[in-house]
Amino acid sequence: MGRFSKILGAETPNYVRENQQERHKNPAKDGPESLIEEVKSPQNPPKNERRKNVETPSSQKERAKALESQIYLHGKLLDEIDLSTLEGLSEKEMRRHVSVAIRDLIAKENRTLNRDQFDELVSGIINEMVGLGPLEILLQDDSVSDILINTHKQVYVERGGELELSNVYFASEEHLMRIINRIVATVGRRVDESQPLADARLLDGSRVNVAIPPLAVDGPLVSIRKFSKKPFTLDKLVEFGAVPDVVAQFLAAACKARVTILISGGTGSGKTTLLNALSQSISHKERLITIEDAAELQLQQPHVARMETRPPNIEGKGEIRQRELVKNALRMRPDRVVLGEVRGEEAFDMLQAMNTGHEGSMATLHANTPRDAITRLEQMVAMGDMKITPEAVAGQIASAIGIIVQAQRLSDGQRKITSIAEITGMEGSVIQMQELFNYTRTGTGPENEVIGEFRATGIRPKCLHEITTRNIPVPEGIFEPKVLPVGRIYDETIAERIGHDE
């Protein structure tokens, strides 16, 4: 798929081309009214109308027939077209070659198609030949953040934090398995009855998880977490209302001052997005090493060395876990070590790295609250069967981690930073924490949207001394107990406010 990804990515849906042509004729429609019209279009209906947009039995039959035609003609074209001749061709040339072959094949098969059907067939067959088949239209849709395949008959997508059933499906289980094998093969992994689970990634960094029979009872299950083509910055998160402007500046200042940050949250809460956004605060002079199960981080730095784990081979040998990669990373002269997700005994080696000259390292993990994050870290260290007392583990955590940021996806799909807590040390055998900022739900809107407010608790963090001694600016009065305004309140970007390190 890799060498054709740009060609396939350049495909523009018909409804987008029509909107662009209409705007060119009428420049006045470039304002908010045009955006409202697009949101209400059949391709992207409002939330309260999406569930009503269900296919009729006749349209389902038409789509099934079109998909069967694509699969059938695709098989025929494999005998007609040498794929190596398409390599390196432009989009226009590739479509011309495939169109000619399809036109000849349709004539032989005595089939009749109108122009729209022919264009759709060409795009579909190109996707089948060198892309991911029916998934391509969803991968090119920027409004889709998650793709959830429940067997070949059912594909759900997430838009705006809410799940909805899409009109996409596969012709058969064999068709879906062919696409799955194409995905995992690109990253050197495999999935079969002996190894029915697999983690992989697409070439754009999107994360893929696969489960097939016999573990998946009804048929193959695939989860795809899409990532934005343009990495989010802290300024974007501020504009979305995920975090107040002054709080985002404080986090950026803490990251720049090499305060170790742990990002906690549930699945889909925005942990990786926040980690990517915080990376813009790191000096370009620093060397970063990332360690992940499936490489998905999009750090905004020029000097990044990326490593990912390796599953065992067919004989059950050759597995490389995160723990081995963390140990090896310390021999690679890192300034900071970034773990995509802490989930096992590598937690101890991560704490060791943070306590031995790699301040400013960052990691994510699954937990419901900052206090739960500490408890999970203690449990993960215990998983390594280390001969170390719980008090010593707590001491390692207290000295290694500076700030815990809690991210959460709310019931209406919004993603918020709901708590920022600082670890202040030990009192006896208990790790002491103080909450600096929090988000509190205050009500529910007319469309069941969550209403809440960000607050400063009135506590000044210990790390503030480290930030100010490095001459990194922090907004005045940020820690006074009050409700914090949402949205941008400064003209300058956060990076400009805290200063650049070239």
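This is a guided tour of one protein chain, stop by stop.

**Before you start**

The model is predicted, so local features need pLDDT of at least 70 and side-chain atom pairs count only at pLDDT 80 or more, while totals for chains, interfaces and linings use all residues. Residues are numbered from 1 along each chain as its sequence is written, and side-chain values use heavy atoms, with hydrogens and water left out.

**Stop 1: the whole chain**

Show the chain as a cartoon. There are 18 helices and 16 strands. Both are DSSP runs, numbered from the N terminus: helices are H or I with at least four residues, strands are E with at least two.

Of the 502 residues, 48% are buried. Buried means under 20% relative accessible area, exposed means over 50%, and partly exposed lies in between.

How do contacts span the sequence? Among contacts between residues at least 6 apart in sequence, 59% join residues at least 24 apart. A contact means heavy atoms within 4.5 Å.

**Stop 2**

Select residues 144-150, which are strand 1. Strands count as paired if DSSP finds at least two bridges between them. Asp-146 has Glu-158 in strand 2 as its bridge partner.

Look at the turn. Strand 1 and strand 2 form a hairpin with four residues between them. Click Thr-151 in that turn: its phi is positive, about 65°.

**Stop 3**

Select residues 261-265, strand 7. Five of its five residues are buried, so the strand is mostly covered. Show the side chains. Ile-261, Ile-263 and Gly-265 point one way, and Leu-262 and Ser-264 point the other way.

Which strands pair with strand 7? Strand 11, residues 362-366, pairs with strand 7 in the parallel sense over five bridges. Ile-263 has Thr-364 in strand 11 as its bridge partner. Strand 12, residues 403-409, also runs parallel to strand 7 and is joined by five bridges. Ser-264 stands opposite Gln-406 in strand 12.

**Stop 2: two nonpolar cores**

In soluble globular proteins, nonpolar side chains tend to be buried together. A nonpolar core here is a set of buried Ala, Val, Leu, Ile, Met, Phe, Trp, Tyr and Cys residues joined through side-chain atoms within 4.5 Å.

The largest core has 48 residues. Select Leu-234, Phe-250, Leu-278, Ile-403, Ile-420 and Phe-437: these have the most contacts inside it. Helix 11 gives the most to this core, with nine residues.

Zoom in on Leu-278. Leaving aside neighbours within four places in sequence, Leu-278 is in contact with Leu-234, Leu-251, Ala-252, Cys-255, Ile-261, Ile-263 and Met-362.

A second, separate core has 33 residues, including Leu-262, Leu-351, Val-381 and Val-393.

**Stop 3: a cluster of rings**

A pair of aromatic rings is described by the distance of the centres and the angle of the planes. Rings of Phe, Tyr and Trp (its six-membered ring) pair if their centres lie within 6.5 Å; planes under 30 degrees apart are stacked, over 60 edge-to-face, and the rest tilted. The count is five aromatic pairs.

Select Phe-250 and Phe-479. This pair is edge-to-face, with 5.5 Å from centre to centre and 90° between the planes. Phe-250 is in helix 11 (residues 245-256), and Phe-479 is in the loop between helix 17 (464-469) and strand 16 (482-484), 229 residues apart.

Phe-437 lies in strand 14 (residues 430-444), so the pair ties together parts that are 42 residues apart in sequence. Ring pairs link Phe-250, Phe-437 and Phe-479 into a cluster.

Are Phe-437 and Phe-479 buried or exposed? Phe-437 counts as buried at 3% relative accessibility, and Phe-479 counts as buried at 6%.

**Last stop: cysteines**

Select Cys-255, buried at 0% relative accessibility. Then select Cys-463, buried at 9%. How many disulfides are there? The count is zero, where a disulfide is a pair of cysteine sulfur atoms within 2.5 Å.

Definitions and conventions:
Buried means under 20% relative accessible area, exposed over 50%, partly exposed in between (1.4 Å probe, protein chains only).
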